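Here is a short briefing to read alongside the model.

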Amino acid sequence: MSDALLDIRGLTAGYGDVPVLTDIALTVGAGEIVALVGSNGAGKTTLLRAVSRIIKASGSLRFLGEDVLPLTPEALFARGLVQVPEGRQLFGRMTVAENLMMGAYRRRDRAGIDASLAQTFDLFPVLAERRAQTAGSLSGGEQQMCAIGRALMAAPKLLMIDEMSLGLAPIVVDRLLDVLVAIRGQGVPILMVEQDVFAALAVADRGYVLEHGRIVKAATAETLKSDPALQKAYLGSDS
Amino acid sequence: MLLVQILVNGVLLGGLYGLMALGMALVWGVLNIVNLAHGAFIMLGGYLVFFLFTAGLDPLVSLPIAMAVLFLFGYVIQRSLLNLIVRSALLNTLLFTFGLDVVLTYLAQLLFSADFRTINPSYAGANFSVGAVTVPVGRLIAFAIAVALALLLYLLLERTRLGRAIRATAQNLDAARLYGVNPAQIYAITFGIGAALAGAAGTLYGIVAQITPYIGVTLTPKSFVIAIIGGLDNPLRIVAGGIVIGVAEAVTSLYLGPTYTDVVSFGLLVLILVLRPAQSLKIA
Ligand SMILES: Nc1ncnc2c1ncn2[C@@H]1O[C@H](COP(=O)(O)OP(=O)(O)OP(=O)(O)O)[C@@H](O)[C@H]1O
Ligand SMILES: [Mg+2]
C-alpha cells in the first residue's frame, strides 16, 4: 500500500500483559528524518524495542515491505534496522576503533567496511583522532559520536537513535544534528526519539508526539514547531 | 646461591601456575562463572596425555590433542547445560560447577584408580647447569609453553574479530547482542578455550608433577587466587600472578618447609581480601 521503509499500524506492545503502547501508527519513508517526541515514560524507548522485536507486540509492522513482526532482533538487524541505544552503551574499555569495528561485526565485505569507516571518520573527524583511545575516556559528545559511528559501521538501511541529546551541551547537540542531516544526505533515513522536542524538530521532516503510550499528534515538523499546545508543554527547550 | 636456585624453581613452576589460572580467569571475566571444576579439567587433560604417553606419544605432541579434546568438552558443556543458567545467580553456576567437579573426580577415580601417574619422557628428568644453578628441562619447557600460550591468548583477545566479540560480550552484553553477536556461541567458545587451556596445563603438570584424580582439590583454589592477583582481563598479568605464587611457594618451602606451600596461596588470598576487598569484589 505505502512505499514507506518502516510502516507501523495498529501496533500494541508492552511488558508482560500490561500494554505500554496502544494502537501506534507511524511511518518512515526514504530520505526522511522522523522525530518521535514525548515526555519521560511516554513509551518512546518501548516503541523502539517493539520495532527491534525485543519485546512482544501485536498489530502490523513492516520493514522494507516485509512483515517483520515474527522476526528475531538478529534477523531485523541483518536486514539493516540498526539502533543507537539510549545511554550509548559503548564498550567502555575497548578503543574507539574497536567499538566501530564491533558495529561491522556481522559484515564480511572488507572493502565495504573500509568505506564505512572512511565515511564515519569523515563525518566525525574527532573519532579518527581518538581511534586508539578507550571509548570510556571520551567526553559525552564524543561518546555519542562513537555510538552513532558504530551504528553506521553496520551499514544501516534505517537508523533509530534513542535520546541522542541526553546530557549534552546545546552546542554539541547542534553539531550532532548537523551530522544527522549529513547521514540522511547519504541515503540513510533516521527515526529519532527525543525528549528535547525542539532540537528534534529542528532537523526532522515530520514528527509524532507520544503521550501515555498513544500517538496524540502527527504532522510536519513545521506544523508541530508552531503548535501552541506543544510550545506550552515543552516550553524553554529551544527557540 | 641456594636462594637463586629456589627463585629459578619458583619462577619456572609459577609460569605453569599462571597457565592453570588463565582458563579460569578468562571464563570468570567473560561469563561471570567461577568454574569450580577447572582443576578437574586440568586433571582430565593430564590423564589423557598420560594414556597417550603410555601408548607411545610424546606429551608435547599430545598437548594440542588434549587442548582440542578439552575445547570440545568445554564447548559442549557450555552449549548444552551452562548456557541455561549463565546469567542467573552466581550460586547456581557455583553449584553446577561444583557438582561437575565431584562427578569428574569420582569418575576419574573409578576409571583411572587413585594411583599416582607421571608423564616422564626422557627430557622430564634432565637438567643443565648455568653457573651454580641447575635448570630442570621439564620445568623449563612447561614455563616456555605456558608463556607462549598466554601470549597466544593475548593476541587472540586483542587482535582478532573473535577476541573483540569476546571482550565486547564481557563488557556490555546488551550492546554486543544489538550488533549481532550471539552470546550463547561466544560463551561456549570462551568456555571451550578455558577448558583447552586447562588441558594444556594438565599436560605440563603431568610432566613436572604427579597426577591423581584429586589434584583439582588444590589446583582449583590456586587458580582462583592467581586469577584474583592477576586480574581477569590480561593474560600476561595472570602469568605474572602465577610467578608471584610460584616464587612465594618456593621461598616458603625453603624457610618453613614444603608442608607450608599450600598455606601461601590461601594466606595471600586472605591478605588480598582484607587489604583490597573492594577491588577483589569488583572482579568477582
Ligand atoms: N523493562 C520494563 N518492564 C516493565 N515496564 C517497563 C520496562 N521498561 C519501561 N517500562 C515502563 O514502560 C513505560 C514507558 O517507558 P519507556 O522507557 O518506553 O519511556 P520513554 O518514553 O523512553 O522515557 P524516557 O524519556 O525516560 O526514556 C514506563 O511507564 C515504564 O515504567
Ligand atoms: Mg527512553
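Buried means under 20% relative accessible area, exposed means over 50%, and partly exposed lies in between (1.4 Å probe, protein chains only). With that in hand, B:Asn32 counts as partly exposed, because its relative accessible area is 32%. This is a predicted model, in which local features need pLDDT of at least 70 and side-chain atom pairs count only at pLDDT 80 or more, while totals for chains, interfaces and linings use all residues. Residues are numbered from 1 along each chain as its sequence is written, chains are lettered from A and ligands numbered from 1 in the order in which they are written, and side-chain values use heavy atoms, with hydrogens and water left out.

**Terms for the sheets and helices**

- Helices (H or I, at least four residues) and strands (E, at least two) are DSSP runs, numbered from the N terminus.
- Two strands pair if DSSP finds at least two bridges between them.
- Contact means heavy atoms within 4.5 Å; axes are lines fitted to C-alpha atoms, for helices over the stretch in contact, and angles run from 0 to 180 degrees between N-to-C directions.

**The six-stranded sheet of chain A**

- An open sheet with mixed pairing is built from six strands of chain A, in the order β6-β7-β8-β3-β9-β10.
- Its edges are β6 (81-84) and β10 (214-220) of chain A; each has a single partner strand, so one side of each is left without a neighbour in the sheet.
- On average, neighbouring strands of this sheet are turned by 20 degrees against each other, direction ignored.
- β6(A) pairs with β7(A) in the parallel sense over four bridges, and A:Val82 has A:Leu159 in β7(A) as its bridge partner.
- Both faces of β6(A) are covered, with A:Leu81 and A:Gln83 buried on one side and A:Val82 and A:Val84 buried on the other.
- In a regular strand the side chains alternate between the two faces of the sheet.
- β9 (residues 206-211) and β10(A) run antiparallel and are joined by six bridges, with A:Arg206 opposite A:Thr220.
- Helix α6 (residues 140-152) of chain A lies across β6 and β7 (158-162), at about 170 degrees to β6(A).
- Helix α7 (residues 170-185) of chain A also packs on the sheet, where it touches β3 (33-37), β7 and β8 (190-194) and makes about 160 degrees with the direction of β8(A).

**The four-stranded sheet of chain A**

- Four strands of chain A form an open, antiparallel sheet in the order β2-β1-β4-β5.
- β2 (18-28) and β5 (66-67) of chain A are the edge strands, each pairing on one side only.
- Two bridges link β4 (residues 57-63) to the antiparallel β5(A), where A:Glu66 stands opposite A:Phe63.
- Helix α1 (residues 44-51) of chain A lies across β1 (6-15), β2 and β4, running at about 110 degrees to β1(A).

**Positive phi values**

- A:Arg53, a residue other than glycine, has a positive phi near 65 degrees.
- A:Arg53 sits in the loop between α1 and β4 of chain A and counts as buried because its relative accessibility is 11%.
- B:Asn32, also a residue other than glycine, has a positive phi near 55 degrees and lies in the loop between α1 and α2 (38-54) of chain B.

- B:Leu7 lies in helix α1 (residues 2-31) of chain B.
- B:Leu7 counts as partly exposed because its relative accessibility is 35%.
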